[in-house]
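Please read the report below alongside the sequence and the model.

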Amino acid sequence: MNKLDRRTFLRGTGLGVGLPLLHAMNPNTSVFAAAPEPPPNRMAFVFFPNGAIMDSWKPAGDGDSYVQSDTLKVLEDFRSDFNVITGLAQDMGRAHGDGAGDHARCASTYLTGAHPYKTSAADIKVGVSVDQAAAEQVGSRTRLPSLELGLRQGRNAGNCDSGYSCAYSNNVSWKTENVPMAKEINPRLAFERIFGTGEKTDESRRRRDFYRKSVLDLVRQDAQALVEQLGKDDRQKLDEYFQSVRELELRVQRAEELANIERPELELPENAPSSFEEHMHLMYDIIALAFQTDSTRISTLMLGNAGSNRSYKMVGVNEGHHQLSHHRNEKPLMDKIRKIDLYLAEGFKYFLKKLKEMPEGDGSVLDNSMIVYGSGLSDANRHNHHDLPIVLAGSAGKTIQTGRHIVLSEETPLNNLFLSMLDRLDADVKSIGDSTGRLTAIDT
Amino acid sequence: MLGRPTFCLLALLIAKSLFAQAKPVVDYDKEVKPFFAKYCNGCHNADALEAGVRTDHSQVDDVFINDRENWLKVYDMLRFKAMPPEEAEQPEDAERDLVAIWLDQNLNSVDCDKVKDPGSVTIRRLNRLEYNNTIRDLFGIQFRPADDFPSDDVGEGFDNIGDVLTLSPLLMEKYLNAAEQVAEQVIYAPNDDNQAENLIALDQFNVNRSGSLVDGGLRFTSNGDATASFEVPFNGKYILRVLVGADQAGSELAKMVLQVDQRTRQLMSISARTRTPRDYEFKMQLSAGKHAVRIGFINDFYNPRASDPNQRDRNLSFFSVKLVGPEVVPQDALSRLQREVLAVRAEEGPEATAAAARILTPIISRVFRRDVDSAHVLAYSNLVNLAMGQGESFARGMQVSLSSILVSPRFLFRVEGNRGSQGGIRDIDPYELASRLSYFLWSSTPDDRLLSLAFSGDLVKQRVLESEIERMLIDPKASGLVEGFASQWLNLRNLDEVTPAPKFDFSDSLRESMKTETSMFFEEVMRRNRSITDFLDGKFTFVNEELAEHYDLPNVSGPEFRLVSLVNTPRYGVLTQGSILTLTSQPNRTSPVIRGKWIMENILGTRPPDPPEDVPEIDEKKAESGEASFRKQLEIHRESPICASCHNHMDPLGFGFENYDAIGRFRVKDGQFDVDPTGILPTGEKFEGTEQLVAILRSREREFARALTTRMLTFALGRGLRYYDRCAIDKILVELERDKFRFHSLVKQVVFSDPFLKRRIDGE
């Protein structure tokens, strides 16, 4: 891949140099005011639950002269910026002897390609997700290694799906095979995590970080003393504590090295908005701003939790989404789902537009991103984990040829796409889930 | 196909057999081994090992302990008739039953004389409810930081299970933010002039007219104003200090108005320039609490024809707004801790550390919920020097110390040490017991009384324990048991997620009322020590006017909730409360299947097994739409024996509640069809309506008692239950029944049980 050469120097120079140096030279201004170096690539993964009506999702024909599908027609204005990919699968989402639970598996395999251990309580285990695999390698280059967002916390009473813990349904991002990355659902809080509350001056923020370093150091030592007294299972839990403390310490360190980013303007309500549309738009806004300011290069957004039974009254659908998805091939029910599919695709268009309107280098932030918009299920009535609905937007610095309908052979692992994406972030990852290699079909 | 007993019937038969005193002894060599050889070993042997399962053991003494997971799978597959696969030879039902009984005996029954395992709980972090309550009870502040925490992981039906709760970096960050905010609220740290200075951030301002954020300031290019609200900690004299600059033009200076609440405005002429702003001060008297400040520009000027281009346009910008004060802190407004901290005059260094340690020792002890050693206290106290070294006050240093205490693992986790030899059993020590008790009954930290009883060691005495339980159940903090246990046992939290269709006119206030009703009902049974059977058929509830209207109950007016009788109404216990009926429905209609499943899980304690992998398509021709009543349509779905085996259990239970619509209103018609609330349970019992079904459920009070005990013990321990806990449950049930199933007995027996008072020591 020829474009990789342009980035090699970034990898070679290591942490704290290269792009961060640019910040230090231009304090308090937008990062790319005078950027001679190529902008970095970003990756984002948007998840929608309960699959889609595939005959309305799938375009006709292939290559760049394909005929757009009904559902994706709303994205036509941005046709040259994305690829529709057909033929991808997450085989590990299938039961493989574990019986029911396709929704829990839909979400938990979407970005991991790993088969989740069926339990409703302890010993939760799946695999590291692509975004966290990337964050592990290159997350330290930005203020925030990664950003996990959602619109609903998710059910957390009782069983979530046929014997699977709710953790599987409510998360697509997994830091380790046992620990999901909790998502933020309040837009204001997500914004403040990245850009600060604005209540503090730079000076007081610096001082707070100074104190935090010592506080974290002290409690980490205390935890080390504590661990001596504990049994094996307890130690594993304390491990999560250690890892999280360490993560925070790194973040404080990074905040010191990187110059301050000017807080963008965004009108934010106190609590999570009650309007789905407003909520969804705000989250897209925040990811876009985070990318634009290089606060992070890795993000995930769950538009709903797996098996979500939300109704979409704004498009005249009063039944629950999950309830409808068991449509038994009845047209009236399928039509209602088509409305939901269309509505969510329109939301995605909002995101594309936002990213496209942010100039960067000789293009836009969208040009330097890779956004996956899709689900871990295709036909939710049959609970199919193959032939997945996947749109890949952005060209990652013109290393992806966009504007096409790419038709792959059936059962191509979605994880192959992820490996290709990880390459473009300079993340050195050999395999993920059941990947069998790169997805060279997307290359220029 | 017809006449075969279904799996679920089998489960009930097995359950009944376990209740009976005599247990059939099934011989492995004679009856089970040949069964496996004939039907299973072909695929499930040591070589082929299909799906990782083997059934070809020559002897089985250890396999149930070592390989429990796999045997549970075998049990499930067998009784559900998912195995042998359809195409293979099928065993006779009698053969299948026998092997299932054998499996159940080995997996679930236990010899309580031999096995005395109290289990081991993995270290539990505080969940959101516990964190909020703990902060409330430790410091007496109403601040609820955990409302912004991500949701807790749920397992075994509860959000307090040690093994299940994870700690992600996001959560750690929130803990740290919360700790700092709590410390700021708890300890008052004024600056050098003994005045606190608080910034009101620019983006807190709502612009009313023509202002916008430009170049780090809020700028008005024409007459306009913006408002923000702010908190005042104490009554007193304050200064609002505004950093302001203006573009000057015309004959007068730019004029700024500042108004707090509805009171007199203060007017200032601003001579400072936009590029060189200055502080302008507005003095005022303010009371503690929330106030609003409005800042405006009132004399816009624009003359495009002025000869000097810099004299054409008058604008105003303000860059920061600080609240400074109070001038004197009223001593009675400060807490004892705050006064103590402000009274300290110590030099940076060991003197400050010692002063901090003196003040922090009782606090740390309460925060860590046990005795603490001085080395520990010193380590946390030493942090005051960090702040003082930066030129800040001792009070500020105390804030830093306190914030670190609040992110210590000893606070965030409930620690139960692993002292002793591996595999051994030890008693829970008094402090650990205090925490177990308070988090069980209050979802909060132990109070001073519990901690003193722990300190003296008296807490472990049965008599003391009993009286403490009674005290705790009367205490207002027992609402923690309602919010923590009841809301999860009954799945009440799901009520927040339901979205009934618009035709039902389901308002948020109705939703809240429903939650309140069920919570108050549980609280009544809890506080008045009523029989737990009231949950099944208690003829009383709590309603306000809105809910009374919903239920067609007469003579209730006003928004307050009050106790009403349900005699002569078609309502019973919790089963017909709006909350339960709504959360077990789809948005646009009732769902007998979901209702039946809810009852099986939460009332009878028999979770229906998962649906099989490939749910077969419903024959489209047979599904009549709109011609048959909803119930008729559901019955068509149960024609396939695979589906019927479980739906024969769930559906009738749900049908018995069809007289209540998707939001719990009583009805006799569903659209154009009459409601048919009759049914036959797989046991053969028939019922003609809700009343009779409830009576049948009431007759199964022992099953219900076991179900509730199991759930409560799970919640109290914070771990899933294992086969060896059966002994404890059986013991609890004997005592509970002796006391006529009254609530306090249930709680006491749970606390007195071995799993609660002891623990097994974990491996290294």
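This is a predicted model: local features need pLDDT of at least 70, side-chain atom pairs count only at pLDDT 80 or more; totals for chains, interfaces and linings use all residues.

Residues are numbered from 1 along each chain as its sequence is written, chains are lettered from A and ligands numbered from 1 in the order in which they are written, and side-chain values use heavy atoms, with hydrogens and water left out.

**Salt bridges**

Over all chains, the structure holds 87 salt bridges, a salt bridge being a side-chain nitrogen of Lys or Arg within 4 Å of a carboxyl oxygen of Asp or Glu. Three of these pairs are set out here.

| Pair | N to O distance |
|---|---|
| A:K354 and A:D285 | 3.3 Å |
| B:E416 and B:R436 | 2.7 Å |
| B:R511 and B:D508 | 3.3 Å |

The side chains of A:K354 and A:D285 meet in a salt bridge. Because A:K354 lies in helix 12 (residues 331–356) of chain A and A:D285 in helix 10 (residues 276–292) of chain A, the pair ties together parts that are 69 residues apart in sequence. Helices (H or I, at least four residues) and strands (E, at least two) are DSSP runs, numbered from the N terminus. A:K354 is partly exposed, with a relative accessible area of 29%, whereas A:D285 is buried at 7%; buried means under 20% relative accessible area, exposed over 50%, and partly exposed in between, with a 1.4 Å probe and protein chains only.

B:E416 and B:R436 are joined by a salt bridge between their side chains. This pair links distant parts of the chain, with B:E416 in the loop between strand 12 (413–414) and strand 13 (425–427) of chain B and B:R436 in helix 14 (residues 430–441) of chain B, 20 residues apart. Both B:E416 and B:R436 are buried.

B:R511 and B:D508, by contrast, both lie in helix 18 (residues 508–527) of chain B, 3 residues apart, about one turn of the helix. B:R511 counts as buried, at 10% relative accessibility, and B:D508 counts as exposed, at 54%. Elsewhere, salt bridges that share partners join A:K175, A:R193, A:E247, A:R251 and B:E173 into one network.

**Chain A as a whole**

Chain A contains 13 helices and 9 strands, and 62% of its 444 residues count as buried. Among the contacts (heavy atoms within 4.5 Å) in chain A with a separation of 6 or more, 72% are accounted for by residues 24 or more positions apart.
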